[in-house]
Amino acid sequence: MARRDEIECWLTDMDGVLVHENVPIPGARELLAKWRDEGTPFLVLTNNSIFTPRDLSARLRASGIEVPEERIWTSALATADFLKSQAPGGSAFVIGEAGILTAMHEAGFIMTETDPDYVVVGETRNYSFEAITKAIRFIGKGSRFIVTNPDATGPSAEGPLPATGAIAALITKATGRQPYVVGKPNPMMFRSALNRIGAHSENTGMIGDRMDTDVVAGIEAGLHTVLVMTGISDEREIARYPFRPNEILGSVADLLTPADDADPAE
């Protein structure tokens, strides 16, 4: 396992690591600028499959953080990338918004409501009972069931919203079929990200704020894992899990100091 001073490429989560409620986390701008200035290959990862990389780049820019769209890797892109490797030129019935629909189109898939090879469920703010019913019937007839990410709820100003994982559970209950889930914590998401920037696991680091998605997937993908405490993790949360990241830091600002000054994970 590489030490931090041997890391040549970085993958980083977005929410809770770089931004919180559309406000930049201290150190995020500086770290991204450092990577750009040094020519360090990096990707910003998100399980959000609603938005395209262009949308997300614009949203980050509005928050004061510059990340070009080619440096953003979403669960929608990872899903389309995976399906393209499985069934080039295949067909799909897709529940979701621009993020997954655009990614599937660009991967060469045909969107259809006639015997699709796949049913792909992504995130949307407007789940349609009619669309869910179609998905259940297609899966019952043999379409393969794919989900972009496992998150059961998503945030909103009014409180939690049901998200991809919750809708997938409904479809599973109705069909008896479990989906293949591409997004974190499936290490597939990281492997496709590594391929995107031509990186190798031995010299790549992963920064996240969640033990149950970022850290476990990073460990399984063979990456140097860094947990930051600016998201949902606290000491009690960390203690619940039988695995540990390589480093536990207060925030991404701590990555601006040399690794020798950082505390390794207990």
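Which residues of helix 6 are buried? I started there, keeping in mind that this is a predicted model.

**Entry 1: helix 6**

I listed the buried residues of helix 6: Thr164, Gly165, Ile167, Ala168, Ile171 and Thr172. Then I looked down the helix axis. The buried residues of helix 6 fall within an arc of 160 degrees, so they line one face of the helix. I looked up their packing partners next. They pack against strand 8 (118-121), helix 5 (129-140) and strand 9 (144-147).

I also checked the length. Helix 6 covers residues 164-175, twelve residues. From first C-alpha to last, helix 6 reaches 16 Å, close to the 16 Å expected at 1.5 Å a residue.

**Entry 2: helix 3 against helix 7**

At what angle do helix 3 and helix 7 pack? I read off about 85 degrees, with the axes 10 Å apart. Helix 3 spans residues 75-86 and helix 7 spans residues 188-197. An angle of 65 to 115 degrees counts as roughly perpendicular, and helix 3 and helix 7 are therefore roughly perpendicular to each other.

I noted who makes the contact. Helix 3 brings Ser75, Leu77, Ala78, Asp81 and Phe82. Helix 7 brings Met188, Met189, Ser192 and Arg196. By class, I get five nonpolar, two polar and two charged residues in this contact.

**Entry 3: a cis peptide bond**

I looked at the loop between strand 12 (180-181) and helix 7, where Pro185 lies. The peptide bond joining Lys184 and Pro185 is cis, with omega about 15 degrees. I flagged it because most peptide bonds are trans.

Phi of Glu21 is positive, near 55 degrees. Phi of Asn22 is positive as well, near 65 degrees. I wrote both down because most residues other than glycine have a negative phi.

Are these residues buried or exposed? Exposed means over 50% relative accessible area. Glu21 has 64%, so Glu21 counts as exposed. Asn22 has 51%, so Asn22 is exposed.

**Entry 4: Ile238**

I ended in helix 9 (residues 235-239), which holds Ile238. Ile238 is buried, with a relative accessible area of 3%. Leaving out residues up to four places away in sequence, I found that Ile238 touches Met211, Leu227, Met229, Arg244 and Ile248. I also took one distance: the C-alpha atoms of Ile238 and Lys173 are separated by 32 Å, and the two residues are 65 residues apart along the chain.

Definitions and conventions. Residues numbered from 1 in each chain as written. Predicted model: local features only at pLDDT ≥ 70, side-chain atom pairs only at ≥ 80, totals over all residues. Heavy atoms only, no water. Helix = DSSP H or I, 4+ residues; strand = E, 2+ residues; numbered from the N terminus. Buried < 20%, exposed > 50% of the residue type's maximum accessible area, 1.4 Å probe, protein only. Contact = heavy atoms within 4.5 Å. Expected span 1.5 Å × (residues − 1). Arc of directions from axis to C-beta. Axes fitted to C-alpha atoms, helices over the stretch in contact; angles between N-to-C directions. Parallel < 35°, antiparallel > 145°, perpendicular 65-115°, else oblique. Nonpolar A, V, L, I, M, F, W, Y, C, P; charged D, E, K, R; others polar.
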